[in-house]
Amino acid sequence: MALLTLMAFAFYLGRRRSLTVVGGRSGVKNLHSLPAYYGFYTALWAGLPALLVAGLWLSFEGSIITTLVVDGLPAEMRDTDPGRLGLLVNDIKNLASGNIVSAHVDETMQRAADHLNELRSVGRMALGVVVLSIALAAGALAWRAIGPKMRARNRVEFIVNGLLIASSLIAILTTVGIVLSVLFESFRFFHKIPLTDFLFGLEWSPQIALRADQVGASGAFGAVPLFAGTLLVSFIALLVAVPIGLMSAIYLADYAGPKLRSYAKPVLEVLAGVPTVVYGFFAALTLAPAIRNLGESVGLVVSSESALAAGLVMGVMIIPFVSSLSDDVINAVPQSLRDASYALGATRSETIRRVVLPAALPGIMGGVLLAASRAIGETMIVVMAAGLSANLTANPLESVTTVTVQIVTLLVGDQEFDSAKTLAAFALGLLLFVVTLGLNIVALHIVRKYREQYE
Amino acid sequence: MAVRDEENDMTTAETVIADADLVGAKVRSKAGSRPLDNDFKTIGEVRVNDPRMSCTDVNVFYGDKHAIKHVDLDIAQNQVIAMIGPSGCGKSTFLRCLNRMNDTIDICNVTGEIRLDEVDIYDRKLDVVPLRAQVGMVFQKPNPFPKSIYENIAYGPRIHGLAASRAELDEVVERSLAKAGLWEEVKDRLDQPGTGLSGGQQQRLCIARTIAVDPEVILMDEPCSALDPIATAKVEELIDELRENYTIAIVTHSMQQAARVSQRTAYFHLGHLVEVGDTTQIFTNPRHKLTEDYITGRFG
Amino acid sequence: MSEPDKSTARTIDIVEASLKRRYARERRFKLMGLGAVLLGLLFVTLLFFDIVSKGYTAFVQTHIALEVYFDPAVIDPDGKRDMAEIARADFRKIAREPLAKLFPEVTSRGDKRALYSMLSSGAPYQLSKMVMKEPGLIGTRQVVDLVADDDVDMVVKGNIDRNAPAADRRVNDQMIGWISKLEADGVVKKKFNTRFFTNGDSREPELAGIGGAAAGSFYTLLVTLLLSFPIGVAAAVYLEEFAPKNRWTDLIEVNINNLAAVPSIVFGLLGLAMFINLFGLPRSAPLVGGLVLTLMTLPTIIIAARASLKSVPPSIREAALGVGASKMQTVFHHVLPLAMPGMLTGTIIGMAQALGETAPLLMIGMVAFIVDIPGGPLDPSTVLPVQVYLWADSPERAFVERTSAAILVLLAFLIAMNTFAVIMRRRFERRW
């Protein structure tokens with residue numbers, strides 16, 4: 001806040017100085033740039049370096065202070081295993097902010113908490129002083145540099161250009177961040193569980209790890225049942241979404257009158273805007289019981305968290321996705337090919353089936369791949385409607401679990417960060433990221449190649 | 001049809017065409033491009049003995065724009081009729097009426113009567129599918145399907161069920177390619193994509209595809225406009241040979257081509273059929289001023 | 001070569017012969033298409049019908065109108081009107097007394113407890129609030145609409161079938177008898193459920209509301225909007241207007257397209273590892289949620305903003321450059337204002353996406369049970385879709401109706417945002 005005021009003030013000063021150095025309003029002609037640019041220049045100098053320092057400080061404050069506090073603890077407390085140390089630090093933090101703590105409070109902890117609070121307030125004060133002085137110093141430097149010859153506009157534009165570049169680099173940084181964060185934790189996981197066990201193991205029961213970790217035993221982390229479950233649910237979803245999406249795209253594009261089209265299209269697109277948690281609710285509370293009752297009435301044993309319910313609802317969710325992609329692709333097939341087919345006496349459906357669809361096939365395949373990556377990465381529907389038990393089955397009436405479900409169950413509500421259990425979630429996340437990224441790259445490539453073909 | 005205001009007609013024609021060429025043409029020959037009266041009568045013999053197709057008072061509207069005005073024309077058996085005229089004069093539109101390709105354009109409306117062997121093809125009860133099997137069409141730009149050469153040719157016979165067996169289909173493909181003069185060039189690579197051929201070959205492939213269905217009439221919409229001179233010569237040669245078995249209507253913007261391949265020529269101007277007659281007569285002794293201006297290259 | 005006449009006659013005969021079959025196939029294909037469209041529409045209708053029919057009842061809440069005696073002996077025994085003292089008073093007794101009076105035949109302890117459980121555990125609090133606001137009530141008798149328990153609510157609304165076998169329902173015959181008597185007395189009232197909109201979460205369905213989640217959603221979206229809009233626009237401006245076409249910018253572009261398709265849960269993992277573990281930001285805070293959602297919505301906004309910049313014709317840029325404006329001035333003075341409506345539309349759509357997002361927020365701990373309404377972006381909180389998820393997991397029958405109602409509120413927001421975006425697009429759509 002103070003910084004913003006300072007920046008506004010710097011703008012004013014810079015602008016005024018630019019006017020004074022050329023002798024008032026009448027001298028504006030002698031300036032290289034408009035006075036406002038000198039103002040901006042000063043303000044940017046006052047604001048940016050200070051902001052940068054403040055940002056860096058705030059982002060690392062937590063970890064630095066924690067380290068300091070831990071260092072300040074008696075040696076015997078520091079030597080416990082990292083998990084328990086984490087809990088301890090957490091307790092200290094809670095104590096410091098005046099919350100109720102789980103463990104009993106002894107004197108060392110109380111001291112540590114006070115220490116923490118002290119460090120925090122010192123840090124904040126230091127930060128304030130440092131930031132403000134940097135702002136003042138940099139602003140003053142910039143202010144002094146103002147003269148009629150200074151190319152303030154170019155300099156401001158240079159800085160703005162830098163800001164623009166930084167903004168567009170955030171996309172890259174995000175990817176790097178994702179890769180780094182999942183990769184780092186995954187390495188720690190594979191340190192504990194061999195990669196081959198993870199990829200090819202047939203049994204998944206991470207809960208055992210939690211209960212048995214005092215004995216040093218780890219649970220089973222064979223992810224094959226998760227892959228199978230994910231594939232089963234995604235396959236059911238695609239089985240629903242691809243035919244319905246494709247056929248409705250064809251019908252709306254080639255058969256429907258303008259009136260039906262103008263109503264049906266937006267209504268179908270509503271399906272894409274519904275939050276996934278709503279689909280999950282629908283799957284878990286309406287469809288799954290309905291399927292179970294139906295199954296029971298014909299004498300089938302249906303799990304109340306069947307893969308079928310999750311897959312069907314997920315399919316419904318992907319329908320608009322498939323249909324809008326197919327629509328694009330089908331419209332990209334040139335009219336001349338349709339004309340050629342009609343001129344030979346083909347009916348509409350013959351033209352679509354034998355000319356348009358084969359010509360659009362690569363594009364449709366790309367769309368299906370994108371839809372598949374959607375289905376694989378979808379979380380809420382399966383979390384709410386699919387089960388937790390890792391069954392290795394191809395029966396859609398049984399309950400299966402998926403990669404995303406496991407990530408959620410492994411991480412939600414768990415504070416400690418070093419057990420194989422939580423790290424497994426990151427390994428699964430890495431896998432999910434790699435698979436969906438691969439699918440996307442291939443799909444986007446196919447679609448782009450396809451577009452180029454008809455341009 | 002009520003007599004329409006002359007001015008109005010003229011603007012509509014202009015907007016339909018919306019073509020820079022035509023606007024330019026107008027400027028260059030003020031006298032020549034004076035719009036014709038609505039009840040203008042075509043000069044020359046529109047009727048022939050024993051016509052294959054016969055059009056009477058054909059009008060085409062795009063929305064409320066009058067694109068073809070009161071055209072009467074017969075198309076004779078086993079003859080090539082060329083339709084010429086400045087860009088946007090309606091010759092392509094007229095051609096597309098002959099196998100109802102205009103049906104694919106929503107706002108297009110055709111009135112009048114077009115008979116194929118005494119059957120009105122715009123009869124409500126008439127089915128366009130067999131009609132188009134009888135009246136094939138070759139388009140301006142070669143448009144082979146993105147399939148193999150073989151599949152391109154086999155498509156028509158397949159959908160119509162013309163070949164009872166694979167052997168018969170092979171025979172149809174070979175015969176059609178041979179008729180189009182393409183067999184020797186492609187017989188070793190029938191399974192390769194048709195889009196891989198050169199422009200001229202592609203256009204002959206499209207012609208072969210059309211004749212594989214064994215139509216009675218073939219419509220060609222500027223079939224050589226996208227081809228180089230050598231490929232054009234080949235296609236023209238082919239058209240001449242096809243005349244023996246088929247009735248052909250060709251739209252062209254090249255007067256030389258019309259003179260080379262056709263026996264009869266029809267000259268269109270702003271939606272009117274101005275003059276029709278033997279090709280030699282049209283090119284040596286045009287009777288209407290507009291025809292003369294056009295073929296002597298004063299505009300168009 | 002065959003005789004033309006003979007062969008054409010043959011062709012047309014064959015064509016005619018197979019026509020019927022071909023048209024049958026055409027009809028079948030068309031019907032399949034129509035079926036697909038209708039199926040899609042059916043799903044939409046089913047989904048909405050299901051949720052509306054389950055949820056609309058949550059907007060009213062059953063109350064029991066009882067004549068309450070604000071007994072000074074209980075509330076303010078020393079008569080000093082000391083507010084702190086009054087707040088500690090046993091309002092449960094006051095709330096229960098009129099019920100006991102209505103059913104004098106209930107005497108055993110167990111039955112009495114059952115009888116009192118017809119009132120919500122929030123009812124005494126309701127009375128205490130009344131007295132705190134107006135101490136003059138002490139000593140008077142007032143007819144007060146007390147909140148009923150969720151089981152009573154469900155029976156009154158018909159969500160629990162009174163005629164079902166006793167073993168199959170949560171509510172026993174005795175309680176149903178009481179409810180019927182209260183109804184016959186005309187003291188059971190259904191009133192508009194304002195608590196649902198103002199309260200935070202609660203274990204008691206009749207007291208649970210979406211107020212806390214809505215505030216959490218608000219702060220989260222605020223952070224998202226403040227970060228993603230400027231960054232997204234800046235990135236789009238750079239990529240579209242300034243960036244040289246080289247491998248780096250290609251890489252950024254591919255990257256953005258791929259990020260748009262990365263599963264949202266992976267962003268959650270990023271948030272957990274990066275913002276919480278590395279930077280030490282607080283768990284469950286809207287700030288972190290906003291950061292994660294910013295990264296998620298950025299690709300959407302950048303893609304929309306670039307499309308919008310692209311639609312500004314080059315002639316405008318040339319005109320500005322022609323009068324001597326710098327590239328930067330051209331963009332900021334002319335191109336950006338013209339592209340702004342399109343960018344805003346894209347941003348609204350991105351915000352709508354962010355509002356409905358659940359999975360990444362689970363990862364960063366916004367699933368906690370939070371009763372208080374958050375007062376800022378650093379307070380622990382939850383958001384609307386996560387609230388839906390939490391309630392959907394609760395076993396009480398009454399939470400089903402609350403969940404559906406929360407979904408309705410969420411959908412109403414989404415529909416409003418999307419409609420606004422569509423209207424804006426129509427309004428500012430410009431043909432150059």
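## Where chains A and C meet

Let's start at the contact between two chains of this predicted model. Across the interface of chain A and chain C, the rule finds 1 salt bridge (a side-chain nitrogen of Lys or Arg within 4 Å of a carboxyl oxygen of Asp or Glu). Arg22(C) and Glu350(A) form a salt bridge through their side chains, at 2.7 Å from N to O.

There are also 11 residue pairs in polar contact between chain A and chain C, both residues at pLDDT 80 or more. A polar contact is a pair of N or O atoms within 3.5 Å; within protein, one must be able to donate a hydrogen and the other to accept it, and residues adjacent in sequence count only if both atoms are side-chain atoms.

## What the interface is made of

Chain A brings 81 residues to the contact and chain C brings 74 residues, where contact means heavy atoms within 4.5 Å. Together the two chains bury about 6,700 Å², 77% of it on carbon and sulfur atoms; buried area is the accessible area (1.4 Å probe) that two parts lose on being put together, summed over both.

## Notes on the model

Residues are numbered from 1 along each chain as its sequence is written, and chains are lettered from A and ligands numbered from 1 in the order in which they are written. In this predicted model, local features need pLDDT of at least 70, side-chain atom pairs count only at pLDDT 80 or more, and totals for chains, interfaces and linings use all residues, while side-chain values use heavy atoms, leaving out hydrogens and water.
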